[in-house]
Amino acid sequence: MTPAPSPAPPEIPPLGTSPVRAVLLDADGVLQLIGTPWDQALTNGGGERFCRRLLAEEGPALRGDEDLRTLLERLVDELRLGASVEELLDLWWRATPDPAAWQAVRELRAAGYTTVLATNQQHERRAWMRSVLGYDGLCDVDAYSCTLGVAKPSAEYFRTVLDLVGVAPQEALFVDDSAANVSAAATLGIRTVHHPADAGGDLLRQEIVAVLDGTTVA
């Protein structure tokens, strides 16, 4: 028996269907698949204390004020870790672009929307994403936290991105797998989608279309 064909993915509504003019998209867990949840990956790589310290002290690196390597060198020394800096850095080189998500971005651009790569990254990971994963040119605007000097969930990050793109909060849709980031954006009046981490590009498309065509109120 021939299986029934899969339903066609929903089409991206053209610009003007809703007030949204710009779509801001997170990278890890949204545009790229990371596999192991981040806190678990950090714990597996350096232990629970390393995970807690890294998450508590990574702010300067995400804002571009400190190199990731410098942060890791300090933690390896202070925590007397058995793992080397190079072994820990390998945790940051694990992500796989989601073809379906990237295609949704291309179709958003073709439909007239301004697309924004809205992601927290250190300088080293930004360089890796650009050179190895090929992010340059995917979105209209790249808003890496390390180049903006501000990071999510800071309200200043979102204000900076909105100013960069030239849209009002209500004209932007922000998609992220972090509840804290989504909440911060929503507080400013930005439309939001809380995307389950690594849920895939097919669901991402459905979530975005549901906002743009008015099926759901973000």
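## Helix 2 with helix 4

Helix 2 and helix 4 pass each other in a right-handed crossing. This is a predicted model, so let us take that pair as our way into it. The axes of helix 2 and helix 4 cross at roughly 140° and come within 11 Å. Angles over 145 degrees would count as roughly antiparallel, and these two helices are therefore oblique to each other.

Which residues make the contact between helix 2 and helix 4? Helix 2, which spans residues 48–57, brings Arg49, Phe50, Arg53, Leu54 and Glu57. From helix 4, residues 68–79, come Leu71, Leu72, Arg74, Leu75, Glu78 and Leu79. Sorted by class, the residues of this contact are six nonpolar and five charged, with no polar ones.

## Helix 2 with helix 1

Helix 2 also packs with helix 1, at an angle of about 130° and with the axes 7 Å apart. That angle makes helix 1 oblique to helix 2. The crossing of helix 1 and helix 2 is right-handed.

On the helix 1 side, the residues that meet helix 2 are Trp38, Asp39, Leu42, Thr43 and Gly46. Their partners in helix 2 are Glu48, Phe50, Cys51, Leu54 and Leu55. By class, the contact of helix 1 with helix 2 has six nonpolar, two polar and two charged residues.

## Helix 6 with helix 11

Helix 6 and helix 11 make a right-handed crossing.

Helix 6 contributes Ala100, Ala101, Gln103, Ala104, Glu107 and Leu108 to the contact. Facing them from helix 11 are Gly201, Asp202, Leu204, Arg205, Ile208 and Leu212. The residues of the contact of helix 6 with helix 11 divide into seven nonpolar, two polar and three charged.

## The largest pocket

Now for the open space in the model. The largest pocket holds about 830 Å³. It is lined by 31 residues, and those closest to its centre are Asp28, Ile34, Trp38, Glu58 and Asp177. Two elements give two or more residues to this lining: helix 1 (38–46) and helix 10 (179–187).

Which helix gives the most to the lining of the largest pocket? Helix 1 does, with five residues. By class, the lining of the largest pocket has eleven nonpolar, ten polar and ten charged residues.

## Two backbone details in loops

Two spots in the backbone are worth a look while you have the structure open. In the loop between helix 8 (145–148) and helix 9 (155–165) sits Pro153. The peptide bond leading from Lys152 to Pro153 is cis, and its omega is near 5°.

The other spot is Arg80, in the loop between helix 4 and helix 5 (85–89). Arg80 has phi near 50°, which is a positive value in a residue other than glycine.

Definitions and conventions
Residues are numbered from 1 along each chain as its sequence is written. This is a predicted model: local features need pLDDT of at least 70, side-chain atom pairs count only at pLDDT 80 or more; totals for chains, interfaces and linings use all residues. Side-chain values use heavy atoms; hydrogens and water are left out. On a 1 Å grid over the protein atoms alone, a cavity is a set of points where a 1.4 Å probe fits but cannot get out, and a pocket is an open set with protein on both sides within 12 Å along at least five of seven lines; lining residues have an atom within 4 Å of a point. Grid points are joined across faces, edges and corners, and a volume is the space filled by probe spheres set on the points. Helices (H or I, at least four residues) and strands (E, at least two) are DSSP runs, numbered from the N terminus. Ala, Val, Leu, Ile, Met, Phe, Trp, Tyr, Cys and Pro count as nonpolar, Asp, Glu, Lys and Arg as charged, and the others, Gly among them, as polar. Axes are lines fitted to C-alpha atoms, for helices over the stretch in contact, and angles run from 0 to 180 degrees between N-to-C directions. Angles under 35 degrees count as roughly parallel, over 145 as roughly antiparallel, 65 to 115 as roughly perpendicular and the rest as oblique. A crossing is left-handed if the near helix is turned anticlockwise from the far one by less than a right angle, and right-handed if clockwise. Contact means heavy atoms within 4.5 Å.
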